[in-house]
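Me: I would like to learn how to read some features of a model. Could you walk me through them?

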Amino acid sequence: MSLEVHLLSTLPVLAPVVAAVLVLVLDALVLGRRTVHLATAAVGLLVGAGAALPGVLLGAGDSVQAFCLASGECLYAADRLVSALQVAALLGALVVLVLAWPEWSAEGDRTPVVVALLLGATAGAASVPAAGDLGTLLVSIELATLPTVVLVALTDPRWAGERRARSVEGAVALLTTSLVSFGLLAMGAALWVAATGTALLGAPTAREPVLLLLASVFVLAGLAFKVSAVPFHAWTPITYVTAPLPITAYLATVSKVAALGALVVLVRALGAVDDTTLLAVALLAALSMTVGNIVALVQTDAVRLLAWSTVAQAGWVLLPLASLSSRAVHAAGSYLLVYIAGTLLAFVVVVAVARATRGGDTSLEAQRGLVRSRPLLALPLGLALLTLAGLPPAVVGLVAKVVALRPVVGDGTWWLAVVAAVNVAIGIAVYVRWLAVLLGPTGSGAEVAPQRHTPVAVWGLVATLSALLVVGSIVPVGVL
Amino acid sequence: MTDRLTDLARATAALVPDLGTAWLALALAPLLLVAVTLLVAGRWPTAPGHTTIRALAVTATSASALGVAGVALHRPVLELPWIPGLGVWLRLQADGLSIPLLLLTAVVSVVATLLHLHVPPPARHTPVSDEDVAVTSPIPDVRSLDVPGLATYHACLLLVTLGALVAFLAGDAILFFVGFELVLVPMWVLVARYGDPGSDRDGAAIRFLMVTVIGSTLMLLGLLGVATATGTTDLSRWAELRGQGIPPAAQAVLAAVLLLGLALKIPVFPLHTWLPWVHATAPTAGSVLLAAVLLKLGTYGIVRLVIPVVPEGFSLWAPLLGGLGVTGVIWAALACLVEPDLKRLIAWSSIAHLGFVVLGLASGTQTGLQAALFGNVAHGLISALLFVVVGGLKHRWGSAHLSVARAALREGAPRLGAWLVLGIAASMGLPGLAGFWGEIGAVYAAWTPAADRPDGWFRLYAVAAAVGGALAVAYGVRVLHEVWSGDRVEPRIPDAVRTERVALRILGVLVVAVGVLPVLLLTVTEASVVAVIGR
């Protein structure tokens with residue numbers, strides 16, 4: 001069996017891996033200097049994103065391929081959508097890295113490990129959507145997941161014991177979920193091979209249609225854990241709240257790319273999906289958005305609210321996949337990109353505000369009157385929330401909602417469309433509630449802590465992400 | 001007469017240079033630029049004074065009104081690809097259906113920015129021992145003040161106007177939806193932050209937002225359904241197709257979804273419950289914009305997105321729609337007879353007037369549609385006028401409750417009183433004023449509906465609507481009796497200040513002009529109405 005390896009094509013995945021190795025080597029060579037490690041990681045992520053960027057401009061049908069078999073099938077193939085997801089994953093990881101920079105550069109011994117784990121998980125997330133066979137898919141998913149468990153558990157050693165214990169709790173929740181979901185995925189993969197006789201994902205010709213259906217349902221359930229779709233979402237709120245804030249941002253964005261990437265691979269491979277799988281996806285989507293939004297409606301903590309909003313948004317990402325439309329996959333991808341930009345911006349601001357308050361307070365109350373006290377942070381946060389809610393002036397969020405709804409309406413799945421419509425309204429209530437806190441009168445003056453300086457890098461992130469959303473709102477061409 | 005008017009319009013158009021799409025830019029750009037400027041300036045450590053802010057805002061709306069006038073005369077068309085992935089074009093144009101509403105929006109936005117923002121005084125707690133003592137309230141300040149957040153307030157007014165203009169100008173379904181939604185956040189801010197602190201303004205604001213969003217998302221589903229069936233989002237293409245290629249069953253579903261979404265916005269009975277509450281809470285200018293402009297988005301949506309696009313589906317639901325419209329007329333009129341809050345009363349009367357508009361739309365005849373479009377504009381002018389008066393009174397009185405004994409307006413504030421009489425008279429539908437033609441036309445159209453409408457039902461609707469018209473006279477008299485007539489002169493209130501006088505003159509002159517010369521408006525809409533009815 002001959003194998004054509006185009007190693008350079010896999011640079012988006014390879015660059016973070018190489019950077020991870022470099023970081024570990026550097027740790028042995030250079031003692032005490034943390035900035036070097038962080039810089040190496042940043043360069044690795046940038047190189048990866050730079051390598052994936054040309055793929056975004058590919059025409060329809062073209063793809064960058066590697067590890068091609070003699071039969072013409074490739075184990076790694078990145079077309080326009082996959083490249084866009086890779087860019088999003090790598091840049092998202094970069095944002096998280098910048099966000100965690102002050103903590104990690106001060107932390108001491110753990111930095112190289114943490115950075116290497118982050119890079120490893122990102123490499124996994126970048127490789128999932130490009131996977132061309134079940135083996136690559138499973139390995140990539142686990143590469144994207146397992147390091148995050150450690151990232152959640154490895155907290156700041158200066159934290160109080162009780163707080164650190166809770167982090168471990170969150171990590172255990174994540175670990176248990178990962179194991180269960182891996183079990184389901186492995187089971188699904190086995191059934192898949194049994195049904196089609198091959199581990200390759202390119203257009204399976206089912207010998208056993210019933211078995212293939214069973215396989216796809218198992219894989220779907222396994223992936224639903226990763227996207228944190230209801231009823232597989234139980235870990236999300238626990239883990240999000242206990243993990244360090246930048247890691248939570250990572251879980252909410254980059255990890256989602258991995259999960260959605262896997263779903264994209266699955267939906268593409270199944271081609272004309274049968275009705276049962278569609279119904280399963282539709283149910284997952286409808287449940288996720290409804291439960292996520294309703295629970296988010298009563299949260300009083302910004303991170304908890306974002307965690308539940310993630311569950312709801314996962315439903316929106318799944319929504320177009322519940323239709324037979326050829327645009328479905330692109331619609332889900334577009335929605336995910338907009339969601340990532342909005343969520344990252346929200347997290348960056350939440351982190352900046354939490355750092356400025358005593359004890360890292362992330363409650364909504366701590367943000368009361370932010371528009372008056374810190375308008376330069378509050379307005380971008382407002383923009384991010386409006387994007388997630390899908391309300392103008394953040395037209396980009398509105399367009400994303402339109403894109404996600406269109407395949408469903410085109411398919412005539414009216415019950416799902418109406419559930420989604422109701423959820424638009426509940427979702428708006430969720431984010432507007434937060435917005436109202438930002439606009440509200442400032443809390444009693446005594447509590448306002450002396451504001452600590454917000455680092456330039458955070459301002460850079462806020463400015464870049466806001467600019468991205470504003471440009472996306474004026475010219476929403478980025479929507480695929 | 002019609003020919004002479006057309007000639008006159010042509011002669012006027014020849015006098016005004018045709019700047020093409022620059023007119024569109026003039027209509028929209030000042031609003032956006034000044035709104036952004038005000039938002040930024042409001043965050044500045046040294047916020048600009050109230051004179052500067054109001055001057056900026058009024059300049060922006062006046063410039064925009066000039067642009068709208070130019071657009072109405074020359075009807076330029078702007079077409080740019082906007083979202084290639086969805087096939088959406090940035091298509092801005094004006095036709096007979098939208099021009100009256102564009103002009104109405106422009107006028108009302110000038111009025112809204114002219115008005116002062118009054119900050120209601122904090123609620124006074126009367127000690128129990130003093131409860132029986134008649135308190136003379138201090139004479140409130142009705143002139144401009146340096147209110148915190150005044151820049152944001154004016155920016156929100158401008159953004160609401162901008163969204164409405166975009167929606168009325170939109171030649172593309174998705175763009176219409178964007179304009180429709182653009183209005184929501186600024187309006188929410190207006191109610192939640194600048195509304196009456198004595199009431200549950202957060203609740204009112206969020207209710208407004210929720211209801212509108214549910215409505216607009218349902219509308220979006222309908223729009224996407226039509227877009228999938230026709231393969232385009234171009235509104236003029238939709239109107240040309242007249243529902244070809246959409247099977248009757250799908251038309252029925254699409255029309256139902258679209259009508260339900262738009263009925264929440266208009267609002268049609270029984271989906272109207274949010275409106276009185278929001279009106280009672282919103283600041284005066286917010287009420288003016290809400291009644292005169294935002295509600296029109298719903299009726300305009302029916303004319304633009306439902307009647308020509310899914311005609312068979314619409315004629316299926318029209319009898320029900322007409323029935324609900326008439327029920328709204330009667331129901332709201334009855335509510336007006338007992339409503340104790342003057343501002344809520346005017347809101348109820350809005351629901352009644354829009355019931356006539358809906359009835360006209362449902363009749364499916366050219367007369368009905370003409371009457372509906374006319375009623376739209378007439379209601380916009382009358383309700384704006386009434387809300388300016390009543391909002392001013394509410395501030396002067398401290399509340400709008402009718403059970404409290406007040407000085408009779410005829411004695412205490414004759415100017416405000418005169419404008420109130422004019423507004424109420426127009427609202428009663430007296431001939432010679434704007435309200436008359438829309439309502440008489442709607443009743444007439446319901447009596448002789450289109451061929452495919454159930455005759456019997458519509459005749460019943462016509463009779464019921466006529467009864468509703470009589471009830472309008474009754475509640476109008478009630479308002480005048482309780483507020484305007486009488487001999488009481490205490491407690492004194494200041495009469496209309498200059499800005500109010502200017503605003504009321506603009507609106508009052510238009511109410512009379514449109515009432516005396518209805519052809520002014522009917523000529524503009526006629527050609528488009530024929531195209532919409534399509535027979």
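Me: Where is A:Ser228 found?

Reply: A:Ser228 is found in the loop between helix H7 (209-227) and helix H8 (235-242) of chain A. Helices (H or I, at least four residues) and strands (E, at least two) are DSSP runs, numbered from the N terminus. Before we go on, some ground rules: this is a predicted model, in which local features need pLDDT of at least 70, side-chain atom pairs count only at pLDDT 80 or more, and totals for chains, interfaces and linings use all residues. Residues are numbered from 1 along each chain as its sequence is written, chains are lettered from A and ligands numbered from 1 in the order in which they are written, and side-chain values use heavy atoms, with hydrogens and water left out.

Me: What is the phi of A:Ser228?

Reply: Most residues other than glycine have a negative phi, and most peptide bonds are trans. A:Ser228 has a positive phi of about 55°, although it is not a glycine.

Me: Which residues does a cis peptide bond join in chain A, and which in chain B?

Reply: In chain A, the cis bond joins A:Pro392 and A:Pro393, with omega about 10°. A:Pro393 sits in the loop between H14 and H15 of chain A. In chain B, a cis bond joins B:Ile266 and B:Pro267, with omega about -10°. B:Pro267 lies in the loop between helix H10 (248-265) and helix H11 (274-281) of chain B.

Me: Let us turn to strands. In what order do the three strands of the open sheet in chain A come?

Reply: In a regular strand the side chains alternate between the two faces of the sheet. Two strands pair if DSSP finds at least two bridges between them. The order in chain A is S1-S2-S3, with antiparallel pairing. The edge strands are strand S1 (3-4) and S3 of chain A, each pairing on one side only. Four bridges join strand S2 (residues 64-69) of chain A to strand S3 (residues 74-78) of chain A, and A:Gln65 stands opposite A:Ala77 in S3(A). S2(A) and S3(A) form a hairpin with four residues between them, and A:Gly72 in the turn has a positive phi of about 100°.

Me: How many bridges join S1(B) to S2(B)?

Reply: Five bridges join strand S1 (residues 78-83) of chain B to S2(B), and the two run antiparallel. B:Pro81 stands opposite B:Trp89 in S2(B). S1(B) and S2(B) form a hairpin with four residues between them, and B:Gly87 in the turn has a positive phi of about 70°.

Me: Now charges. With which residue does B:Arg91 form a salt bridge?

Reply: Side chains of opposite charge can pair when their charged atoms come close. The rule for a salt bridge is a side-chain nitrogen of Lys or Arg within 4 Å of a carboxyl oxygen of Asp or Glu. B:Arg91 pairs with B:Asp172, the closest N and O atoms being 3.8 Å apart. This pair links distant parts of the chain, 81 residues apart: B:Arg91 is in strand S2 (residues 88-92) of chain B, and B:Asp172 is in the loop between helix H5 (150-169) and helix H6 (173-182) of chain B. A search of the whole structure finds 13 salt bridges over all chains.

Me: What is the area buried between chain A and chain B?

Reply: The size of an interface is often given as the accessible area lost when the parts come together. Here buried area is the accessible area (1.4 Å probe) that two parts lose on being put together, summed over both. Between chain A and chain B it is about 2800 Å², of which carbon and sulfur atoms give 84%. A:Val402, A:Arg406 and A:Trp414 supply 18% of the area that chain A buries against chain B, more than any other three residues.

Me: How many residues does the contact take from each chain?

Reply: With contact meaning heavy atoms within 4.5 Å, it takes 35 residues from chain A and 31 residues from chain B. Across this interface of chain A and chain B the rule finds zero salt bridges.
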